[in-house]
Amino acid sequence: MGIGRRIGITLEMIKWEHSIFALPFALTGALLAARGLPAWATLGWILVCMVSARSAAMAFNRWADAGLDAANPRTRSRAIPAGQLSRGFVLAFTLTMVVVFLVAAGQLNRLTLELAPVALLVLLGYSYMKRVTRWTHLVLGLALGIAPAAAWIAVRGSLDWRIALLTAVVMCWVAGFDILYACQDMEHDRAAGLYSLPQALGLEAAFWIARALHITVVGLLLWFAVLFQFGVVGWIGIAVVAGLLLYEHMLVSPRNLARLNAAFFTMNGVIAMVFLVFVAVDVWLAH
């Protein structure tokens, strides 16, 4: 297989386009920490950290779940079970991305480097959570949720508890839509002995928990806006995010999962970008 083809398969495997879920929140944390645009070098290293950490996490997940993916009709066409990439290659790619992440973290500040192994523990450890707890969705939420706090630390070299609130926002947001996404694997998870909220509680209960988490997101965002003294634009952004979350839940129901991919991929990417744009404009107007 040519190197170009292998790179293409690797990018598809790690779903690089899904970086849009966490990256906007990392940039939001950086903007708020700098009270505007951070230094270009700092911003560049934050982007390297985000891309490499997420690439490592996704590749490791595919490596750890290769056997499970092969047994699931929905996932057996993924790169490893389909024979497009070897487990050895994927593991080597994971380790390469880990090294890149650590080097990039070291270019920012000491606290960023010291906390980098903790971030990796969460990111890589998530891959095994479905084997031990039905609350695996919250661990995935935390894996993405640390992005804004990490970006804040990258800019300031210290942590402000207020930005941790945005970590809670992202954790609840991601956990909510991951619960919905897991509904399509409910029967397989039960047969394979894997854990998830749909597997443990059924579709109806899983949907209600996802709704509750997304209502919590809106409440936390309101608190976040007060703490950071958002202007009119910031408050409008929160209203738009709330409306998009409502629309997302209107797309699917326990009796109709046909539009799940639209709710999961399209709407959540839009939500993340909308939040970033409104916060960026609000910060620009304030300074």
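Throughout these legends, Ala, Val, Leu, Ile, Met, Phe, Trp, Tyr, Cys and Pro count as nonpolar, Asp, Glu, Lys and Arg as charged, and the others, Gly among them, as polar. The model is predicted, and local features therefore need pLDDT of at least 70 and side-chain atom pairs pLDDT 80 or more, while totals for chains, interfaces and linings use all residues. Residues are numbered from 1 along each chain as its sequence is written, and side-chain values use heavy atoms, with hydrogens and water left out.

**View 1. Helix H3 (residues 40-64) packs against helix H5 (residues 87-106).** The axes of H3 and H5 lie 8 Å apart and meet at an angle of about 155°, which makes H3 roughly antiparallel to H5. Helices are DSSP runs (H or I, at least four residues) numbered from the N terminus; axes are lines fitted to C-alpha atoms over the stretch in contact, with angles running from 0 to 180 degrees between N-to-C directions, and roughly antiparallel stands for angles over 145 degrees. The crossing of H3 and H5 is left-handed, the near helix being turned anticlockwise from the far one by less than a right angle, whereas clockwise would be right-handed. Contact (heavy atoms within 4.5 Å) involves residues of H3 that include Trp45, Phe60 and Trp63, and residues of H5 that include Arg87, Phe93 and Phe101. By class, this contact of H3 with H5 has 17 nonpolar, 3 polar and 1 charged residues.

**View 2. Helix H2 (residues 23-34) also packs against H3.** The axes of H2 and H3 are 11 Å apart, at an angle of about 150°, which makes H2 roughly antiparallel to H3. The crossing of these two helices, H2 and H3, is right-handed. Leu23, Ala26, Leu27 and Ala30 of H2 meet Leu43, Ile46, Leu47 and Met50 of H3, so that by class the contact of H2 with H3 has 8 nonpolar residues, with no polar and no charged ones.

**View 3. H3 crosses H7.** The axes of H3 and H7 come within 10 Å and cross at roughly 145°, and the crossing is right-handed. On the H3 side the contact is made by Thr42, Ile46 and Met50, and on the H7 side by Ala147, Ala151, Ala154 and Val155. These residues of the contact of H3 with H7 divide into 6 nonpolar, 1 polar and no charged.

**View 4. The largest cavity has a volume of about 60 Å³.** On a 1 Å grid over the protein atoms alone, a cavity is a set of points where a 1.4 Å probe fits but cannot get out, and lining residues have an atom within 4 Å of a point. The structure holds 3 cavities of 30 Å³ or more, a volume being the space filled by probe spheres set on grid points joined across faces, edges and corners. Phe25, Val169, Trp173, Val217, Leu221, Val241, Leu245, Ile271 and Phe275 line the largest cavity, and this lining has 9 nonpolar, no polar and no charged residues. Helices H8 (161-182), H11 (203-227), H12 (232-251) and H13 (260-286) each supply at least two residues of the lining.

View 5. A pocket is an open set of points with protein on both sides within 12 Å along at least five of seven lines. Of the 13 residues that line the second largest pocket, Leu32, Arg35, Phe228, Gln229 and His287 lie nearest its centre. Helix H7 (136-156) and H13 each give two or more residues to the lining, and the largest share, 3 residues, comes from H13. By class, the lining of this pocket divides into 7 nonpolar, 2 polar and 4 charged residues.

Methods:
Angles under 35 degrees count as roughly parallel, over 145 as roughly antiparallel, 65 to 115 as roughly perpendicular and the rest as oblique.
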